[in-house]
Amino acid sequence: MSDESLGTVDVRFIEQGLNDWVVHAVFNKTGNTDVILEAPSGEKTVFNITVDRNTYKINKK
């Protein structure tokens with residue numbers, strides 16, 4: 001996450017033994033930041049996230 005003060009983001013297994021993953025985020029406050037996901041190949045995908053009090057918006061850049 002570009003602004004780490006907003007919270008944390010990590011990639012986790014959905015279930016042990018399956019080859020499925022999930023992006024897990026925990027937000028500590030409201031704000032706007034970019035989340036950059038990097039594939040093992042090095043390819044990067046950037047998402048802009050706006051976190052409000054009870055909602056969030058995600059847009060791919």
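Helices (H or I, at least four residues) and strands (E, at least two) are DSSP runs, numbered from the N terminus. On that basis, the elements of the protein chain run β-β-β-β-β from the N terminus on, with zero helices and five strands. This is a predicted model, in which local features need pLDDT of at least 70 and side-chain atom pairs count only at pLDDT 80 or more, while totals for chains, interfaces and linings use all residues. Residues are numbered from 1 along each chain as its sequence is written, and side-chain values use heavy atoms, with hydrogens and water left out.

**Overall dimensions and burial**

- Taken along the principal axes, the C-alpha atoms of the protein chain fill a box of roughly 35 × 25 × 20 Å.
- Of the 61 residues of the protein chain, 13% count as buried; buried means under 20% relative accessible area, exposed means over 50%, and partly exposed lies in between (1.4 Å probe, protein chains only).

**The largest pocket**

- Rolling a probe the size of a water molecule over the atoms shows where empty space is left.
- A pocket is defined on a 1 Å grid over the protein atoms alone, with a 1.4 Å probe, as an open set of points with protein on both sides within 12 Å along at least five of seven lines; lining residues have an atom within 4 Å of a point.
- The largest pocket holds about 210 Å³ of space, a volume being the space filled by probe spheres set on the grid points, which are joined across faces, edges and corners.
- Its lining consists of V9, V23, A25, F27, V35, L37, F47, I49, Y56 and I58.
- The elements that give two or more residues to this lining are β2 (21-27), β3 (31-38), β4 (44-51) and β5 (56-60).
- Strand β2 gives the most to the lining of the largest pocket, with three residues.
- By class, the lining has ten nonpolar, no polar and no charged residues; Ala, Val, Leu, Ile, Met, Phe, Trp, Tyr, Cys and Pro count as nonpolar, Asp, Glu, Lys and Arg as charged, and the others, Gly among them, as polar.

**The nonpolar surface patch**

- V11, F13, W21 and V23 make a nonpolar surface patch of about 390 Å².
- Patches are made of residues with over 30% relative accessible area and no salt bridge; nonpolar side chains (Val, Leu, Ile, Met, Phe, Trp, Tyr) are joined within 5 Å, and like charges within 9 Å.
- The accessible areas come from the Shrake-Rupley method with a 1.4 Å probe, and for residues only the protein chains shown count as cover.
- Strands β1 (7-13) and β2 each supply at least two residues of the nonpolar patch.
- Within the patch, F13 is found in strand β1 and is partly exposed, with a relative accessible area of 41%.
- V23 is named both in the patch and in the lining of the largest pocket.

**Salt bridges**

- A search of the whole structure finds two salt bridges, each being a side-chain nitrogen of Lys or Arg within 4 Å of a carboxyl oxygen of Asp or Glu.
- D10 forms a salt bridge with R12, the closest N and O atoms being 2.8 Å apart.
- D10 is partly exposed at 27% relative accessible area, and R12 is partly exposed at 39%.
- The side chains of K61 and D34 meet in a salt bridge of 2.9 Å, N to O.
- That pair links distant parts of the chain, with K61 in the segment after β5 and D34 in strand β3, 27 residues apart.
- K61 is exposed, with a relative accessible area of 63%, whereas D34 is buried, with 18%.

**Positions and C-alpha separations**

- G7 has its place in strand β1 and counts as buried at 4% relative accessibility.
- The C-alpha atoms of G7 and A25 are separated by 7.3 Å, the two residues being 18 residues apart along the chain.
- T8 is also found in strand β1 and is partly exposed, with a relative accessible area of 47%.
- From C-alpha to C-alpha, T8 and H24 are 8.2 Å apart in space and 16 residues apart in sequence.
- N19 is placed in the loop between β1 and β2 and counts as exposed at 68% relative accessibility.
- The C-alpha atoms of N19 and G42 are separated by 19 Å, with the residues 23 residues apart along the chain.
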